[in-house]
Amino acid sequence: MGHSTLPQKPWIETPLIESATLSKAAGCRVFLKLDLLQPSGSFKSRGVGNLIRTALLDPANSGKELHFYSSSGGNAGLAAVIAARDLGCPCTVVVPHSTKPMMITKLRSAGATEVIQHGASWAEADAHLRETFINHQEGKKRNIYVPPFDHPDVWTGAATMVSEIAAQLPPHDSSDRIFPADAIICSVGGGGLFNGIMQGLDEYLQSHGPSDKMQDVHVLAVETEGANSLAHSLRAGRLDSIPAITSLATSLGARCVSSQTLKYAQSPPAGINVASVVGSDAEAARGVITLADELRLQVELACGISVEVATGEKLKQAVQGLTPESRVVVVVCGGSNVTAEMIAEYRQKLQDGWN
């Protein structure tokens with residue numbers, strides 16, 4: 001494809017808003033980075049969009065017909081389809097048979113070239129995709145694999161959030177802070193979002209002066225029980241898979257995080273402090289309901305858990321010495337696996353004693 005101009009970015013700068021209700025509950029200033037407003041409904045538009053755009057800009061792909069292939073039946077697949085569509089490229093998605101009909105319909109209506117169902121699990125769908133479309137290629141066509149989280153171009157895309165947050169927050173009046181937030185809370189599935197935030201923060205801190213006398217920026221890496229693959233690897237002291245995903249927050253469902261995620265969590269760059277935080281599915285549901293009630297925003301459980309952590313004891317345990325002036329940014333990462341009916345169901349289960 002001959003692009004005379006650079007392809008546009010297939011993601012947007014999203015608003016950052018302060019929530020009085022969440023701030024009151026947390027005892028500090030809570031800001032929400034609204035990445036659920038991305039074209040695909042989740043933060044994945046940044047990372048997956050950057051990977052696709054980077055492939056289009058790669059001189060090695062000049063004059064080739066590019067076709068993108070994603071093996072995600074969730075937010076990454078949707079982001080791939082929408083980013084490829086917006087950049088004028090075809091995108092095929094291979095999903096396991098367990099993928100909900102709602103998501104398959106979404107992928108098709110967003111413009112997927114094809115949605116192929118194969119295998120019982122994501123791993124089987126992914127292996128089929130690679131074997132069939134990626135491993136054997138010749139001629140002018142080039143098939144490009146779009147991994148959901150484990151790729152440097154994905155992390156670089158997610159990192160764009162950090163400079164936006166820095167520009168959107170009011171300047172910090174305290175002289176011992178380089179970055180204008182005290183803490184960032186984000187959900188961890190495979191680690192694409194967390195890696196991007198760590199990379200973005202590291203670049204920001206390095207370019208804005210010496211950090212030896214400065215307060216650390218805290219990053220809370222949040223998971224749910226049953227999808228807590230980062231917490232599991234940290235406990236094991238090495239990269240290790242959890243036996244199965246048992247959480248309802250299925251989009252956190254990577255059995256093992258990327259090796260870069262574990263590295264960042266075990267030995268973060270200078271000026272950054274990482275805490276691994278795990279909550280229950282019921283806590284995630286409470287976060288979903290809080291956002292629906294307070295801001296009329298619908299997010300899935302994988303995102304709700306970060307919202308819930310911001311307002312409870314887990315934040316105070318992870319970050320000591322928060323004051324009413326401290327700023328905490330919650331990445332509202334979004335997600336398409338949610339409907340008003342599902343939120344009503346969560347509400348009912350919580351009233352019936354789910355915890």
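## A covered strand

Let's start with strand S10, which is mostly covered: six of its six residues are buried. Bear in mind that this is a predicted model. S10 spans residues 327-332. In a regular strand, side chains alternate between the two faces of the sheet. Here, Arg327, Val329 and Val331 point one way from S10, while Val328, Val330 and Val332 point the other way.

## The sheet around S10

S10 belongs to an open sheet of six strands with mixed pairing, in the order S1-S2-S10-S7-S8-S9. The edges are formed by strand S1 (16-18) and strand S9 (272-279), each of which pairs on one side only. From one strand to the next, the twist averages 25 degrees.

What are the partners of S10? Strand S2 (residues 29-34) pairs with S10 in the parallel sense, over six bridges, and in that part of the sheet Leu34 stands opposite Val332. Strand S7 (residues 183-187) also pairs with S10 in the parallel sense, here over three bridges. If you look for Ala183, you will find Val328 of S10 opposite.

## A helix across the strands

Helix H11 (residues 301-311) lies across S7, strand S8 (217-224), S9 and S10. Relative to S7, H11 runs at about 150 degrees.

## Where H2 meets H6

Two packed helices are described by the angle between their axes and the distance between the axes. For helix H2 (residues 44-57) and helix H6 (residues 152-168), the angle is about 125 degrees and the axes are 6 Å apart. The two helices are therefore oblique to each other, and H2 passes H6 in a right-handed crossing.

Which residues of H2 and H6 meet? On the H2 side they are Arg46, Gly47, Asn50, Leu51 and Thr54. On the H6 side they are Asp153, Val154, Thr156, Gly157, Ala158, Thr160, Met161 and Glu164. The residues of this contact divide into four nonpolar, six polar and three charged.

## Gln199, a buried residue in H7

Gln199 sits in helix H7 (residues 192-207). Is Gln199 buried or exposed? Its relative accessible area is 15%, and the cut-off for buried is under 20%, so Gln199 counts as buried.

Leaving aside neighbours within four places in sequence, Gln199 is in contact with Trp155, Thr156, Ala159 and Tyr264.

Technical notes. Residues are numbered from 1 along each chain as its sequence is written. This is a predicted model: local features need pLDDT of at least 70, side-chain atom pairs count only at pLDDT 80 or more; totals for chains, interfaces and linings use all residues. Side-chain values use heavy atoms; hydrogens and water are left out. Two strands pair if DSSP finds at least two bridges between them. Helices (H or I, at least four residues) and strands (E, at least two) are DSSP runs, numbered from the N terminus. Axes are lines fitted to C-alpha atoms, for helices over the stretch in contact, and angles run from 0 to 180 degrees between N-to-C directions. Contact means heavy atoms within 4.5 Å. Buried means under 20% relative accessible area, exposed over 50%, partly exposed in between (1.4 Å probe, protein chains only). Angles under 35 degrees count as roughly parallel, over 145 as roughly antiparallel, 65 to 115 as roughly perpendicular and the rest as oblique. A crossing is left-handed if the near helix is turned anticlockwise from the far one by less than a right angle, and right-handed if clockwise. Ala, Val, Leu, Ile, Met, Phe, Trp, Tyr, Cys and Pro count as nonpolar, Asp, Glu, Lys and Arg as charged, and the others, Gly among them, as polar.
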